[in-house]
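The sequence and structure are shown below.

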Amino acid sequence: MLLQRSIHSSSGLKDKIFSIDYVLVFSILVLGIISMFAMYSTDGGEFKYHTNSHILRFFVFFGLFFLVSLVQIRFWHNQSFLIYIVFFILLLSVKYFGLTSSGSQRWLDLYFMNLQPSELMKVGLILFLAKYYHRVSIENMNSLRYLFLPIVALISPVLLVATQPDLGTSILIAAGGIVVAWLAGVRIKFFAYSVLIFIILLPVAISFLKPYQKSRILTFLNPERDPLGAGYQIIQSKIAIGSGGLFGKGFLNGSQSYLDYLPEKHTDFIFTLFSEEFGFFGSLFILLLYALIVSRIVKIGNLTRSTFGKLYCYSFATAFFIYVVVNMMMVLGLLPIVGSPLPIMSYGGSSMMATMFGLGIVMSCKIYKDTPVN
Amino acid sequence: MLNPGSGNTVIKSKLISRRMFLLTAAKAVVMLGLVGRLISLQINQATKYKSLSDKNRFREWKLAPERGVIKDFFNQELASNEPLYQVHLVPENAQNINKLFVRLKVILNIPEKKISYLKRIIKKQKPWEPIIVSDNLNWSEFSKINLFLHELDGVEPVVSVARKYPDNSSAHILGYVSQISAKDLQTKKYLKDLSVPGMTVGKTGLERKLDEEIIGKIGFQRYEVNAFGKRIKEIKINQGQAGKSFKTTLDYEVQKYTNILLEDKAAAVCVMDIYNGDIVSLVSSPTFQPNAFVHGLDKKYWNSLISNEKKPLTNKAMSGLYPPGSTIKTLVALSALENGIVKPSDTFRCKGKIELHGEKFHCWEKKGHGVVNLRKGIQRSCDVYFYEVARKLGVDRLSETAKKFGLGKTVLSDFVEERAGVVPNTKWKKKFIGQNWYIGETLHSGIGQGYFQSTPIQLCLMTAQIANGGFKIKPRIIFDKNDNSLRDYIKFKNKNPDQTLPVDLAVNNFNLQPLFKNQENINLVKDAMFSSSNEPGGTSYRHRMENPKFTFAGKTGSSQIKRFTEAQREAEIKQSDLNYKDRDHALFIAFAPYNDPKYAISVVVEHGGSGGKVAAPIAKKVIKKVLERHDMRQELNYSIGEPV
């Protein structure tokens with residue numbers, strides 16, 4: 001009811017539909033369609049489980065995107081804390097009821113899908129902090145008292161996720177939160193202190209790392225260290241991308257993925273597969289598409305009047321950018337394999353849901369750009 | 001507390017926008033970095049990564065080529081190929097190699113020793129390289145493997161081809177093939193790229209001589225494989241090239257026939273066309289099973305071969321060294337005639353022995369042969385006559401003639417096992433024994449004893465070159481349709497003794513090499529050989545052939561192994577009373593038919609006793625067989641020579 005009221009208030013549905021940013025919608029759609037082809041290729045050129053379920057998810061969550069975007073931005077602002085708390089509870093329940101797969105406990109069994117609350121938390125934290133800093137005055141911004149809540153709100157989910165263990169997602173959640181704080185105006189010195197503390201705590205943190213995580217970091221530093229073990233993924237991914245050359249091996253002809261040399265090709269390494277089949281120009285196109293999406297979000301941030309809207313859009317754009325870049329740097333051998341999906345392209349319901357939800361709020365900022373949030 | 005003032009909002013907005021601008025700039029830099037990385041991987045290093053990707057993708061398996069076939073003159077296969085059922089194992093495709101071996105052990109009954117051997121091999125080679133678990137399965141074992149195949153990951157049933165010899169009759173001249181050894185790989189350059197599991201190489205005989213050409217070129221199968229080594233699809237197949245096939249001059253029927261005649265004897269027979277040097281038959285006895293070597297030799301069988309005193313593995317026709325005995329008398333006579341030492345009419349008196357510097361030299365006929373001239377000397381094989389001739393001739397002139405007629409050097413080329421033998425002379429003795437020559441040794445040489453060592457194939461060549469009128473021929477075992485025209489030359493000469501040669505024959509025979517000074521001397525020796533085989537008193541008279549089609553002229557020989565003591569001589573000890581190992585070797589050489597010679601033969605029976613009694617009857621039967629098949633052979637020879 002609350003939702004319905006929010007949609008029907010203010011201007012009519014027609015106006016709202018007119019004020020949608022169609023460039024952004026179109027970019028997302030194109031990327032989605034590309035991802036379907038890529039998924040089709042990972043299934044060996046057949047409509048199998050991954051392809052079918054990816055297509056279904058894309059359209060379901062694309063619908064969610066519209067639904068979210070038609071809801072008043074005021075609503076999302078008002079419910080931000082609540083959303084954060086709901087996501088946090090979900091994250092907490094993973095700790096107790098979560099599904100364990102390959103040594104890490106990340107998922108909640110919701111019968112129709114396995115939900116990964118850590119993905120949702122990526123958006124949840126941004127929402128929470130955007131609202132928080134929207135309300136904190138510029139004078140109080142850098143007082144320690146007002147730093148306390150954001151730090152708690154950031155550290156708690158990050159620790160929860162890190163101990164699942166899921167180092168990659170926890171880092172990405174943290175990155176999103178830090179971006180909000182910094183954009184809001186928190187002084188550089190606090191970040192510098194944090195880095196200092198982090199470095200001091202690093203040896204302690206390393207001692208808590210699982211052996212496979214340590215091995216991944218060492219392998220990143222020297223992939224040939226263990227070419228058939230942990231270094232295998234990086235090496236094979238580089239071979240796949242490099243062998244794609246300028247124009248790629250052609251759709252469905254990526255021998256590296258087709259012959260199973262490529263690990264995790266539906267999820268983290270989907271860009272590798274695409275890059276192998278479509279080469280440098282294909283990869284460049286994907287990169288530009290992501291850049292376009294990011295710049296559209298930033299543009300919406302420029303248009304929107306509320307501090308909340310601006311903070312949210314800028315932060316989300318930056319976080320989105322970070323997700324993309326981290327994934328690509330990982331598969332290009334520039335970062336250790338930490339396990340982070342490529343937004344929209346990668347297989348995975350929770351990531352798709354979180355991304356579409358986040359983008360929906362962005363679009364809501366666009367549609368209700370002139371409405372004050374409080 | 002929370003204070004969202006409007007003026008505040010504007011400042012805040014500005015701050016946010018400024019910081020966002022910084023972030024955007026950073027993003028652009030990062031984007032450029034990513035593009036740079038893509039350029040580096042996909043453009044600058046594309047070639048490197050493409051080859052790495054192909055290295056991942058393709059894997060090659062080598063295919064052993066099919067060995068060429070060896071045929072006889074009538075295109076019968078002497079060494080052929082048969083399908084072979086093998087079980088290969090690709091270690092990386094097996095889930096649990098130990099469990100797999102347990103299963104295979106039960107199914108194929110593999111001994112524990114072999115399994116540990118295979119496991120050692122697996123450790124040495126690359127995980128995708130197949131090893132041969134079982135080399136030669138019969139059909140029922142092979143179908144059993146196929147039945148259980150679904151539960152034997154990594155096991156591959158393979159139908160290949162392997163050498164197959166129809167029988168053992170030509171085992172020595174053909175040789176045998178066996179698995180490549182480390183030594184083969186080191187010593188034979190052509191094997192460098194041929195190392196394929198299951199590859200066999202020729203170890204002896206023709207198989208070894210022809211190995212480089214007969215082995216063929218290796219093929220390969222290129223497969224696309226997935227990350228788990230599973231073959232996804234065949235990309236390219238190169239069957240390689242089957243080895244070259246060879247046709248020999250041998251006659252399989254004669255080989256088989258001779259082999260039966262020689263059964264249980266340690267003996268060798270060589271038959272040669274006296275004009276073109278075609279070796280029609282080359283048999284050594286006892287024989288062995290060449291098929292037993294193809295798939296790894298059974299130890300028991302090997303030991304039985306090694307311990308057999310008749311030495312079945314030796315090719316006696318080419319590597320057996322025997323004193324030529326009295327067969328050398330043909331050459332002693334010829335040498336003496338050519339050098340003008342004796343005239344055919346010169347006589348000596350044989351009293352059964354002569355004495356020289358106090359040493360007694362006995363004739364085999366204790367009573368003596370009485371007055372002996374050259375013809376009678378050969379007919380009766382009178383030792384005293386040849387002692388006298390040799391003494392006058394001297395060993396150096398004898399050795400010259402003997403070498404001219406083919407003794408003392410190998411007859412065929414590229415047979416590692418062929419031996420050259422010894423034609424002694426004064427220089428030779430000085431060099432190899434370091435002593436001066438004694439005149440007594442000349443006498444021994446005159447009857448083919450002492451240092452003289454010859455192989456049956458040499459004796460056959462010697463006989464052939466006497467039989468064809470004294471012309472040099474080049475013996476051959478690989479068929480060559482280029483017949484020389486010696487045959488036509490002789491025919492023409494026989495029909496028109498006084499005419500000059502027609503031009504074409506003269507041209508063709510430009511490079512005929514006569515081994516004589518006066519051909520009349522050759523004819524004298526041939527006539528004497530005729531009398532030895534066909535006139536009463538001749539040493540092989542009892543085994544003559546009266547049908548002129550088969551009439552042969554020959555010379556017997558019995559080469560002494562051990563000197564008779566005076567006591568034995570007095571007691572008239574017979575050969576059959578001696579220990580096997582102490583008996584004389586029985587030799588016989590001949591050519592036939594006498595009035596139109598076509599073939600020469602040599603027979604050696606180790607420890608057979610008397611040449612006339614043991615070797616001549618064998619020669620007689622073989623000659624008959626060969627001559628019966630002569631027309632067939634000629635027909636084929638001419639049909640091949642003509643353009644179709």
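## Interface between chains A and B

In this predicted model, 40 residues of chain B are in contact with 40 residues of chain A, contact requiring C-beta atoms, placed from the backbone, within 7 Å. Helix 1 (6–44), helix 2 (46–57) and strand 8 (219–225) of chain B are the elements that give two or more residues to the side of chain B that touches chain A. Helices (H or I, at least four residues) and strands (E, at least two) are DSSP runs, numbered from the N terminus. Helix 1 of chain B gives the most to this side, with 21 residues.

By class, the side of chain B that touches chain A divides into 21 nonpolar, 11 polar and 8 charged residues. Ala, Val, Leu, Ile, Met, Phe, Trp, Tyr, Cys and Pro count as nonpolar, Asp, Glu, Lys and Arg as charged, and the others, Gly among them, as polar.

## Strand 18 of chain B

Strand 18 (residues 585–592) of chain B is mostly covered, with 8 of its 8 residues buried (20 or more other C-beta atoms within 10 Å of the residue's own, C-beta atoms being placed from the backbone). On one side lie B:His585, B:Leu587, B:Ile589 and B:Phe591, and on the other B:Ala586, B:Phe588, B:Ala590 and B:Ala592.

## Pairing partners

Strand 17 (residues 553–559) of chain B runs antiparallel to strand 18 of chain B, joined by 7 bridges; pairing requires at least two DSSP bridges. Here B:Ala553 stands opposite B:Phe591.

Strand 18 of chain B also pairs with strand 19 (residues 599–605) of chain B in the antiparallel sense, over 7 bridges, and B:Ala590 stands opposite B:Ile601. A hairpin through 6 residues joins strand 18 to strand 19 of chain B.

## Conventions

Residues are numbered from 1 along each chain as its sequence is written, while chains are lettered from A and ligands numbered from 1 in the order in which they are written. In this predicted model, local features need pLDDT of at least 70 and side-chain atom pairs count only at pLDDT 80 or more, whereas totals for chains, interfaces and linings use all residues.

Technical notes. A residue is buried if 20 or more other C-beta atoms lie within 10 Å of its own, exposed if 12 or fewer, and partly exposed in between; C-beta atoms are placed from the backbone. Two residues are in contact if their C-beta atoms, placed from the backbone, lie within 7 Å.
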